[in-house]
Amino acid sequence: MTTDAYSRIQLATSVLREHLDGRDPRTAFVLGTALGPFADAVTDAVSVPFDEVPHLRSPTAEGHAGRFVAGTVRGLPVLVMSGRLHPYEGWDLAEVTFPIRVMAAFGIELVVLTNAAGGVDPMLAAGDLMLIEDHLNLTGSNALIGPNDDRLGPRFPDMTNAWDQASRDTFNLAAAKLGLSIRSGVYAGVSGPNYETPAEVRMLRALGAHAVGMSTVHEAIVARHSGLRLAGISCITNAAAGEASSPLSHTEVIDTALRSAGAFQALLEGFCEKLAT
Ligand code: HPA
């Protein structure tokens, strides 16, 4: 029997709620490539593999676990999504953004999207952390195409202040407290899975992008459509092609993300601490 998207979301949300056993977080984190270790910082944790939630797909990309972890980080109740779905794996955009729909239906109010990204701005070096202040959807597609269900959000969502200023302020305060220098910039979302040509990197720079990656923008659009507040951190894992002196590989991306994990984790924990107080 086929059901509509709304019913699928409601069912998945009620199953997730059962698994979370009374935990009622309002803040969620989506962990990008190799940024999964943050899930280990969650205390009093309950872990829910994606395949236990109806209609939720399991990621195939290396460096992505595929589970929700709910619990507490520095006093803040959180829901962490460890492992995400990318369109390049072959999922359609409704599948890629389904977890965001479930978060919204669950009662999440703020979602923090994280990712590994290439540095387009020459000022960004591998290992830098960048607060996402805005994005460019250059994937050529949009998860909201098709009939709009008004129960999920408006037909034409406004994106003027898509990336929440108050959350960026909180991240900056957390970084300052840690003595961590973080940057801020525009994330360009592309479909991948190939990395960019040098000409594409020049184009991205001309368009005003600071970083480029293959995730996040569809989740961001659906989060705003769903009325969630939105924040994001890119872990710059490499200079985008054309800037690099040697060819780029997924291994390099994962290795750098793992090396940045300490700073990334400290920043997210500091953010949670500030939100909890
Ligand atoms: N380009 C696109 N996506 C990426 C990159 C990149 O250079 N690095 C990590 N994800």
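Trainee: Why is Asp21 called exposed?
Mentor: Asp21 has a relative accessible area of 61%. The label exposed requires a value over 50%. Therefore Asp21 is exposed. Keep in mind that this is a predicted model.

Trainee: Where is Asp21 placed?
Mentor: Asp21 sits in the loop between helix 1 (5-20) and strand 1. Its phi is near 55°. That is a positive value in a residue other than glycine.

Trainee: Which phi does Asp44 have?
Mentor: Asp44 has a phi of about 50°. The value is positive, although Asp44 is not a glycine. Asp44 belongs to strand 2 (residues 43-49).

Trainee: What makes Asp44 exposed?
Mentor: Its relative accessible area is 57%. Exposed means over 50%, so the label holds for Asp44.

Trainee: Is Thr27 buried or exposed, and how do you know?
Mentor: Thr27 has 6% relative accessibility. Buried means under 20%, so Thr27 counts as buried. Thr27 is in strand 1 (residues 27-31).

Trainee: What is Thr27 in contact with, beyond its neighbours within four places in sequence?
Mentor: Leu76, Pro77, Val78 and Leu79 are among its contacts. Ile108, Leu110 and Leu275 also touch Thr27.

Trainee: Why is Ser58 called partly exposed?
Mentor: Ser58 has a relative accessible area of 32%. Buried needs under 20% and exposed needs over 50%.

Trainee: Where is Ser58, and what does it contact?
Mentor: Ser58 lies in the loop between strand 2 and strand 3 (67-73). Leaving aside neighbours within four places in sequence, Ser58 contacts Phe50, Asp51, Leu85 and Trp91. The C-alpha atoms of Ser58 and Thr27 are separated by 22 Å. Along the chain, these two are 31 residues apart.

Trainee: What makes Ser191 partly exposed?
Mentor: Its relative accessible area is 38%. That is between the 20% and 50% cut-offs, so Ser191 is partly exposed. Ser191 is found in the loop between strand 7 (183-189) and helix 4 (198-207).

Trainee: Which peptide bond is cis, and what is its omega?
Mentor: The bond joining Gly192 and Pro193. Its omega is about 5°. Pro193 is in the loop between strand 7 and helix 4.

Trainee: Why do the buried residues of helix 6 line one face?
Mentor: Helix 6 covers residues 250-259, and its buried residues are Val253, Ile254, Thr256 and Ala257. Seen down the helix axis, they fall within an arc of 165°, so they line one face. Thr251 and Arg259 are exposed on the other side. The cover over the buried residues includes strand 5 (110-119), strand 9 (229-239) and helix 7 (261-276).

Trainee: What makes helix 5 mostly covered?
Mentor: Eight of its nine residues, in the span 217-225, are buried. Among them are Val217, His218, Glu219 and His225. The cover includes strand 1, helix 2 (93-106), strand 5, strand 6 (129-137), strand 7 and strand 9. Just after helix 5, Gly227 takes a positive phi of about 85°.

Trainee: How do you know that the chain agrees with a compact globule?
Mentor: For 277 residues, such a globule would have a radius of gyration near 19 Å. The chain has 18 Å, so the two agree. Its C-alpha atoms fill a box of roughly 50 × 40 × 35 Å along the principal axes.

Trainee: How many helices and strands are there, and how much is buried?
Mentor: The chain has seven helices and nine strands. Of its 277 residues, 52% count as buried. Take contacts between residues at least 6 apart in sequence: 83% join residues at least 24 apart.

Methods. Residues numbered from 1 in each chain as written. Predicted model: local features only at pLDDT ≥ 70, side-chain atom pairs only at ≥ 80, totals over all residues. Heavy atoms only, no water. Helix = DSSP H or I, 4+ residues; strand = E, 2+ residues; numbered from the N terminus. Rg over C-alpha atoms; globule rule 2.2 N^0.38 Å. Buried < 20%, exposed > 50% of the residue type's maximum accessible area, 1.4 Å probe, protein only. Contact = heavy atoms within 4.5 Å. Arc of directions from axis to C-beta.
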